[in-house]
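Visitor: Could you walk me through a model?
Guide: Gladly. Here it is.

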Amino acid sequence: MTEPTAFDVALFGEAMLLLVADRPGPLENAEAFHKRTAGAETNVAIGLSRLGLKVGWASRLGTDSMGRALLAAMRAEGIDCSHVITDATQRTGFQFKGRVTDGSDPPIEYHRKGSAASHMGPADVDEAWLRSARHLHATGVFAAISDTSLQAALKTMDVMRAAGRTISFDTNLRPTLWSSTETMRHWVNELASRADWVLPGIEEGLLLTGHDKPEDVAKFYRDRGAKLVVVKLGAEGAYYDSDVAGTGRVDGFSVKEVIDTVGAGDGFAAGVVSALLEGRSVPEAVRRGAWIGARAVQVLGDTEGLPTRAQLEEAGL
């Protein structure tokens, strides 16, 4: 007998306060910053919730002003935060993000070492709560922030596999958080082998698999058990290789101006995962992901471009 589910998607990961510079140029020259939320898993959680899915997010935050602001922001998005632990002995992570005018990736400066979320471990995984979701979305970021969070990430995937739930995994590489490139490659590929749907970027695919063609990157993960691999190709769209839909390409959406590339991959993931959970076809899901990713690069923050259900329906997606 299948257990009843309370959520569509569960996510584990670190939220950080994001401080975005008020002007282009080196971060040290900025005199004012705009306060936003950041975090790969939280970006996806917000994207999914805005599209009407029931989302649960588990994490650890400090009781400082940054932690209070982040928790309030996530609750305001309609996300279940019952498994977010606030710890007065730990601090909340934050990051600075610069501004660019040429469409390139903006400079990012992280302040997350030793953060509250980095102290998460397997004991923080409430198995019953996790199984109350029908899907787990995981990324390579949560696994990278500490040795204990890596063990927690592995446990979340093992619990959901054992329960017969689906799992999506965005490789989402953060090389500076790992002890070495080899360690990162090993563990990210190990996590990917536990997922049903794997979402690497083409440059990440080269680093992780040694292949520079999307077809070969996809085959690498399909050979390791993935039912669907979607390789993100930036402005060119994406390539997919699937059990049910075969292979194909989906074109990207043209944008007038690229303001901020950070968060585009998270928007893409929210689009793909939401559509698949709604029973849409693989090409439809990838097209939705590409559309949301294109929206994300046209705004300053990580989540400001994530659409509501009404905006999605207006676009016919």
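What follows is a set of questions and answers on this predicted model.

Visitor: How do the axes of helix α7 and helix α8 cross: parallel or oblique?
Guide: The axes of α7 (residues 202–209) and α8 (residues 214–222) come within 10 Å. They cross at roughly 55°.

Visitor: How many charged residues are in the contact of α7 with α8?
Guide: From α7 come Ile 202, Gly 205, Leu 208 and Thr 209. They meet Pro 214, Val 217, Phe 220 and Tyr 221 in α8. By class, that contact has six nonpolar residues, two polar ones and, as for charged residues, none.

Visitor: Is Asn 172 buried or exposed?
Guide: Asn 172 lies in the loop between β9 and α6. Its phi is positive, about 40°, although it is not a glycine. Most residues other than glycine have a negative phi. The relative accessibility of Asn 172 is 8%. The cut-off is under 20%, so Asn 172 counts as buried.

Visitor: Which residue in β12 stands opposite Val 230?
Guide: Val 230 points one way from β11 with Leu 228 and Lys 232, while Val 229 and Val 231 point the other way. Five of the five residues of β11 are buried, so the strand is largely enclosed by the rest of the structure. Five bridges join β11 to β12, and the two run antiparallel. Opposite Val 230 stands Tyr 240.

Visitor: What is the bridge partner of Trp 197 in β11?
Guide: Strand β10 (residues 197–198) runs parallel to β11, joined by two bridges. In β11, Trp 197 has as its bridge partner Leu 228.

Conventions
Residues are numbered from 1 along each chain as its sequence is written. This is a predicted model: local features need pLDDT of at least 70, side-chain atom pairs count only at pLDDT 80 or more; totals for chains, interfaces and linings use all residues. Side-chain values use heavy atoms; hydrogens and water are left out. Axes are lines fitted to C-alpha atoms, for helices over the stretch in contact, and angles run from 0 to 180 degrees between N-to-C directions. Helices (H or I, at least four residues) and strands (E, at least two) are DSSP runs, numbered from the N terminus. Contact means heavy atoms within 4.5 Å. Ala, Val, Leu, Ile, Met, Phe, Trp, Tyr, Cys and Pro count as nonpolar, Asp, Glu, Lys and Arg as charged, and the others, Gly among them, as polar. Buried means under 20% relative accessible area, exposed over 50%, partly exposed in between (1.4 Å probe, protein chains only). Two strands pair if DSSP finds at least two bridges between them.
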